[in-house]
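Please read the following account alongside the sequence and the coordinates, moving from the layout of one chain to the contact between chains.

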There are 2 protein chains.
Amino acid sequence: MESTVPCKVADELEELLREASQVFSDYVRSSRDPQAPVIPRIEKLNLTIPEEDGMGAAGIWDDIQTICGAATNTWSERFLYKLYASPTPIGVVGEALVGLLNNNAHVFQASPIGALIEDKVGRQLAELAKFPADTAAGLTFPGGSYSNMHALMVARNRRFSGLKRGGFAGAMAGGEWRRPMIFTSAHAHYSIEKAAVAAGIGLDNVVSVPTDAAGRMDSHALRVLVEQAIANGGAPFFVNATAGTTVLGAFDPIDEIAVVCADHGLWLHVDGSWGGPLALFSSDEELGRYRVDRADSFTVNPHKLMGVPLQCSFLLMRDGLAPMREALGLGASYLFHGGSPDVLDDVGDATMGCGRRPDAIKLWLAWRYHGTQYYRRRLAAARRLALDFADMVSARPPTALGCWRLVARPQSTCVCFWFVPGQPHSAPLPSWGHATRLLCARLNSLGHVLVDYAAVDLPAGPLPTFFRLPLNSPHVTKETLASVLAAIEQTAQALTEEDPRCFVADSS
Amino acid sequence: MESTVPCKVADELEELLREASQVFSDYVRSSRDPQAPVIPRIEKLNLTIPEEDGMGAAGIWDDIQTICGAATNTWSERFLYKLYASPTPIGVVGEALVGLLNNNAHVFQASPIGALIEDKVGRQLAELAKFPADTAAGLTFPGGSYSNMHALMVARNRRFSGLKRGGFAGAMAGGEWRRPMIFTSAHAHYSIEKAAVAAGIGLDNVVSVPTDAAGRMDSHALRVLVEQAIANGGAPFFVNATAGTTVLGAFDPIDEIAVVCADHGLWLHVDGSWGGPLALFSSDEELGRYRVDRADSFTVNPHKLMGVPLQCSFLLMRDGLAPMREALGLGASYLFHGGSPDVLDDVGDATMGCGRRPDAIKLWLAWRYHGTQYYRRRLAAARRLALDFADMVSARPPTALGCWRLVARPQSTCVCFWFVPGQPHSAPLPSWGHATRLLCARLNSLGHVLVDYAAVDLPAGPLPTFFRLPLNSPHVTKETLASVLAAIEQTAQALTEEDPRCFVADSS
């Protein structure tokens with residue numbers, strides 16, 4: 001790849017990237033510092049765009065410092081906020097490489113390597129999911145929501161065959177018509193509802209299936225609801241099960257759900273956007289048995305638990321890409337010239353988009369760099385840490401201001417708990433949620449820790465708002481988590497000193 | 001940002017990025033070499049994923065060479081294939097920075113800088129589009145197709161107000177119901193049709209509006225078709241105009257179309273995915289007058305003509321984000337905690353997705369680096385080059401094997417032409433398209449040049465397949481283009497030597 005011809009643009013890139021290697025690694029160094037803030041204090045930023053000449057290489061590093069200084073610090077082990085964390089270093093390199101090549105994974109000729117790697121990685125993930133090797137394939141989409149939406153639309157167009165051409169109006173004009181209905185757990189991600197809005201199905205036709213006490217979809221309730229829907233003239237066609245719910249990290253009972261789907265001819269999609277890798281890579285007794293291969297389609301986001309930079313989301317299809325092409329493809333003649341015997345020729349036509357980043361390259365590169373064993377170890381460690389952290393919460397002695405209470409034994413790597421204000425077992429329930437929100441807001445405002453809260457309904461009733469800490473980052477340790485619990489206690493102390501009645505919720 | 005604490009992960013990143021600065025710039029150097037291939041020869045690649053340990057830093061550079069060697073070379077000035085080209089060097093740095101920070105632009109707290117910059121850049125683009133400064137705003141989507149799809153869905157849910165909740169089934173159950181219909185030019189991008197499939201509108205309800213002789217939407221025909229649709233019981237609600245059509249680079253007459261839309265209460269969307277920057281930055285007499293502000297929504301992809309790496313697409317909304325939130329938002333309580341007075345708090349809820357790359361950072365950084373003047377100059381140069389190239393084609397003398405014929409004077413920076421086989425003015429029309437496809441396939445197979453072909457219908461009838469060369473890259477010169485014409489002539493010579501009757505199309 002050497003060339004002796006002078007090349008200004010290459011020199012410019014070399015200089016910028018050499019400087020970036022220093023600036024970016026210094027950023028990581030400072031972000032990993034035990035004292036580093038997780039949430040920046042936003043000063044007044046000057047974001048003005050220069051009307052005339054730009055600042056070029058001389059001025060741009062100040063801008064990059066501005067960006068870094070006003071970014072949320074995902075490299076900190078105290079970033080315990082959302083379902084992702086910092087990438088691994090090779091992930092950053094992969095991102096830069098994708099930017100450098102600027103290849104477009106819509107047609108083969110615009111990115112041969114993108115197509116070949118996407119095919120390879122899709123099949124490899126499908127193999128881990130135990131999908132049939134001769135048919136299964138996968139494509140990347142710009143995030144889990146888009147992967148889920150594509151699954152829903154493929155299922156919709158397959159079931160209502162006139163819909164692609166005639167739309168709902170055409171399909172419904174033809175005599176007998178039944179309302180399309182989909183089913184998802186009450187704890188599932190809202191992207192299923194968004195997809196239903198997008199697809200013209202509507203929120204009213206998204207049936208929320210109750211969960212069991214552990215937050216897993218109640219498959220008996222699913223059967224009853226599907227049969228009720230049919231009896232009432234609806235047309236159920238799609239069930240979304242979740243592998244790792246957003247809040248509790250629960251895994252819906254896929255074996256039971258698959259039986260209901262088979263009995264009623266429903267498309268079974270599994271949203272493993274977050275928890276999918278636990279099912280694919282886990283040797284854990286519980287999670288390793290999870291039968292993703294019972295699904296028709298399966299979403300998994302390596303940009304969450306696997307440390308690939310956002311975005312990298314795969315939709316795996318048990319029966320390959322043909323159903324996608326059939327449901328969504330148009331074969332625009334000016335783009336997709338066809339004529340190639342290769343199924344990789346025009347993968348873009350199987351999607352709702354056109355130009356596509358070859359995101360699979362990032363996962364492939366990281367996978368080659370780290371090896372499969374790395375992901376097994378990393379995910380096993382996160383799982384072990386979640387169980388240890390749960391024990392830590394349960395065993396932590398009460399303070400003068402309150403006590404610790406676990407929401408449930410973690411089913412994956414999300415740990416949910418309360419700091420219950422007042423004397424153990426005597427605090428009124430509304431104060432639990434009130435305290436969580438208050439503590440969370442104050443703690444996050446200090447900038448040293450970033451945690452999140454949530455609330456869910458269980459069969460016994462709604463749970464008051466609790467802390468939810470997803471353990472995604474390899475940087476998190478028991479010491480980190482102990483320090484977060486201590487920080488919550490200190491925050492409770494500080495709030496109480498300001499207002500002794502701060503945790504008393506009014507009854508509204 | 002300095003820190004003295006030892007940090008292995010930062011050292012790892014530093015080492016990788018330092019090596020990358022060399023490897024990546026060498027790649028660019030070799031890619032810009034006059035002899036460099038544009039399309040790689042794909043050898044048998046070993047893409048195996050290691051089951052146990054990965055190869056780490058020692059082995060990964062061979063993999064990166066493998067990827068680079070099997071990528072399409074967008075840095076070459078002979079990449080004249082699709083509507084994008086290589087990024088500028090600061091674009092690569094921006095991409096790496098987005099990967100480094102791994103911030104998520106769905107809620108403010110997960111990426112303050114992402115939200116602030118997206119807001120700023122969206123407003124700046126809206127200002128260039130002359131949208132009202134007090135309301136207009138923009139959001140990024142993972143590509144022009146997704147931006148267009150969001151515009152359609154916002155318009156759909158706004159017009160059919162029961163649809164978000166009840167879906168089509170609910171909305172149609174309520175008595176009188178008319179078929180939703182949308183209108184787009186026969187030359188528009190297929191993403192509008194894809195969006196119609198996604199939205200449950202269906203291909204049959206996408207009315208293809210004929211164009212004038214220049215490939216611009218015929219606004220009189222639009223009016224007639226809209227009125228016919230209404231008379232036949234349809235419910236037109238959305239018109240897509242194009243700023244820079246995919247093939248001819250035509251700009252639909254937005255002023256005339258806006259009148260039809262106003263008369264019938266239709267949402268006017270402008271798809272400027274490719275040509276948008278020409279309207280925003282051009283001082284060109286024709287393009288600079290283009291009134292994007294007549295639209296309700298406007299898609300523009302800085303990842304095409306502006307050299308930002310794929311993906312960076314903005315959807316600008318004249319009335320701001322409120323219609324998006326209303327049409328698509330759910331306000332999932334576990335993610336979007338609300339309570340903030342700031343409209344930037346949960347931009348993700350205005351989209352169909354959840355996690356979002358802060359793609360706007362890449363454009364902002366490049367814009368600060370280059371300045372506005374750079375884009376004006378770059379786009380003006382591309383426009384001038386297109387006109388010069390058209391003159392070059394027209395003036396090029398015939399060879400013994402054929403002659404050059406321009407499809408039309410370029411309306412932006414796409415240049416379309418034939419190499420007409422045989423004696424001037426005597427070749428039968430079917431041979432024109434046959435020759436184009438043959439020449440294109442052979443030329444591209446040689447790997448030194450990558451061009452594309454297309455065909456469109458005009459009022460006078462279908463045009464035979466022609467060469468279409470979009471001029472996106474700042475690296476393209478007149479010499480490049482002269483060498484491409486010479487290469488086509490040489491290819492014609494070589495093909496004719498192999499088979500003297502190769503350009504004779506059978507009449508089928």
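**From domains to interface**

In this predicted model, the C-alpha centres of domain 1 of chain A and domain 2 of chain A are 43 Å apart. These belong to a division of chain A into domain 1 (8-31 + 39-72), domain 2 (144-160 + 178-300) and domain 3 (376-498).

A:Ser147 sits in helix H5 (residues 144-159) of chain A, and A:Ser147 counts as buried because its relative accessibility is 0%, where under 20% is required. Once its neighbours within four places in sequence are set aside, the residues in contact with A:Ser147 are A:Phe141, A:Thr299, A:Ser313, A:Phe314 and A:Leu315. As for A:Ala250, which lies 103 residues from A:Ser147 along the chain, the C-alpha atoms of the two are separated by 20 Å.

The remaining step is to the partner chain. The contact draws on 162 residues from chain A and 162 residues from chain B, and the area buried between chain A and chain B comes to about 14400 Å², with carbon and sulfur atoms giving 64% of it. Polar contact between chain A and chain B amounts to 75 residue pairs, while 16 salt bridges are found across the interface of the two chains. In a salt bridge between B:Glu95 and A:Arg357, the side chains meet at 3.4 Å, N to O. On the side of chain A that touches chain B, helix H1 (residues 8-31) of chain A gives the most, with 19 residues. The residues of that side of chain A divide into 87 nonpolar, 45 polar and 30 charged.

Terms used
Residues are numbered from 1 along each chain as its sequence is written. Chains are lettered from A and ligands numbered from 1 in the order in which they are written. This is a predicted model: local features need pLDDT of at least 70, side-chain atom pairs count only at pLDDT 80 or more; totals for chains, interfaces and linings use all residues. Side-chain values use heavy atoms; hydrogens and water are left out. Contact means heavy atoms within 4.5 Å. Buried area is the accessible area (1.4 Å probe) that two parts lose on being put together, summed over both. A salt bridge is a side-chain nitrogen of Lys or Arg within 4 Å of a carboxyl oxygen of Asp or Glu. A polar contact is a pair of N or O atoms within 3.5 Å; within protein, one must be able to donate a hydrogen and the other to accept it, and residues adjacent in sequence count only if both atoms are side-chain atoms. Helices (H or I, at least four residues) and strands (E, at least two) are DSSP runs, numbered from the N terminus. Ala, Val, Leu, Ile, Met, Phe, Trp, Tyr, Cys and Pro count as nonpolar, Asp, Glu, Lys and Arg as charged, and the others, Gly among them, as polar. Domain bounds come from an automatic or database domain assignment. Buried means under 20% relative accessible area, exposed over 50%, partly exposed in between (1.4 Å probe, protein chains only).
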